[in-house]
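Student: I have a new structure to look at. Can we go through some of the terms and what backs them up?

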Amino acid sequence: MIGLAREHPFARALVNSGRLSVANPYPGSPTVTNSGHSVQNVPLTLQDGSHSTLVALAQRLGTVFIGILYAPTRADEVAGYAWLEASGRPFRFLVCGPGGIGDPDGKLKEALGAEPGSFALIRPDLYLAGCIPDARPAHAEAMLKRALCQLPTAG
């Protein structure tokens, strides 16, 4: 159809390049906690107020896992997660809420399956590795280790 559209204007209206492929879900993967769907085109607002998408943000951050603490509910929560970013793993930590990225339309919340206090982990290929409601830093670390296939060592 695309080849036909190049030569014949009537066929151009029949081509929807945004639907030529659908991202595969990975719900049964051993590295996925409770999700496995693509979240790349989710709109969000950056810290400076500009509008963006998760894929554009990921391109700026590089090839890393992205952890998002959605609307923190406890004052000490953020510091507990921030140490994961300094752990030497390919990981960046973000907060969705005041002082962090924004979710003005609720699309990020919907895509992540998040509620206030949830922690979501997004793989470098922009698939959701999982979202844990009312999470704690230890839960986030366990999910990251699972996604990285880092099994506990015997010892």
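Student: Which residue in strand 6 does L121 stand opposite?

Tutor: This is a predicted model. In it, L121 stands opposite G130 of strand 6.

Student: What makes strand 5 and strand 6 a pair?

Tutor: Pairing takes at least two bridges between the strands. Strand 5 (residues 118–122) and strand 6 are joined by 4 bridges, so they pair. The two run antiparallel.

Student: What lies between the strands in the hairpin of strand 5 and strand 6?

Tutor: This hairpin has 5 residues between its strands. L126 takes a positive phi there, near 65 degrees.

Student: Why is strand 6 called mostly covered?

Tutor: A buried residue has under 20% relative accessible area. In strand 6 (residues 128–132), 5 of the 5 residues are buried.

Student: How do you know that strand 3 pairs with strand 5?

Tutor: Count the bridges again. There are 5 between strand 3 (residues 65–70) and strand 5, and at least two are needed, so these strands pair. They run antiparallel. I66 stands opposite I122 of strand 5.

Student: Which helices pack on the sheet, touching strand 3, strand 4 and strand 5?

Tutor: Helix 3 (residues 54–61) touches strand 3, strand 4 and strand 5. Its direction makes about 140 degrees with that of strand 4. Helix 4 also touches strand 3, strand 4 and strand 5. For helix 4, the angle with the direction of strand 4 is about 160 degrees.

Student: In what order do the strands of the sheet come?

Tutor: The order is 4-3-5-6, in an open sheet of 4 strands with mixed pairing.

Student: What makes strand 4 and strand 6 edge strands?

Tutor: Strand 4 (91–96) and strand 6 each pair on one side only. From one strand to the next, the twist averages 15 degrees.

Student: Where does W83 lie?

Tutor: W83 is in helix 4 (residues 77–85).

Student: Why is W83 called partly exposed?

Tutor: Its relative accessible area is 38%. Buried would be under 20%, and exposed would be over 50%. The value for W83 falls in between, so W83 is partly exposed.

Student: Which residues does W83 contact, leaving aside neighbours within four places in sequence?

Tutor: Those contacts are P137 and E141.

Student: What makes the approach of W83 to G80 a polar contact?

Tutor: The cut-off for such a pair of N or O atoms is within 3.5 Å. A polar atom of the W83 side chain lies 2.5 Å from the backbone oxygen of G80.

Student: How far apart are W83 and F93?

Tutor: They are 10 residues apart in sequence and 9.0 Å apart in space, C-alpha to C-alpha.

Conventions: Residues are numbered from 1 along each chain as its sequence is written. This is a predicted model: local features need pLDDT of at least 70, side-chain atom pairs count only at pLDDT 80 or more; totals for chains, interfaces and linings use all residues. Side-chain values use heavy atoms; hydrogens and water are left out. Buried means under 20% relative accessible area, exposed over 50%, partly exposed in between (1.4 Å probe, protein chains only). Contact means heavy atoms within 4.5 Å. A polar contact is a pair of N or O atoms within 3.5 Å; within protein, one must be able to donate a hydrogen and the other to accept it, and residues adjacent in sequence count only if both atoms are side-chain atoms. Axes are lines fitted to C-alpha atoms, for helices over the stretch in contact, and angles run from 0 to 180 degrees between N-to-C directions.
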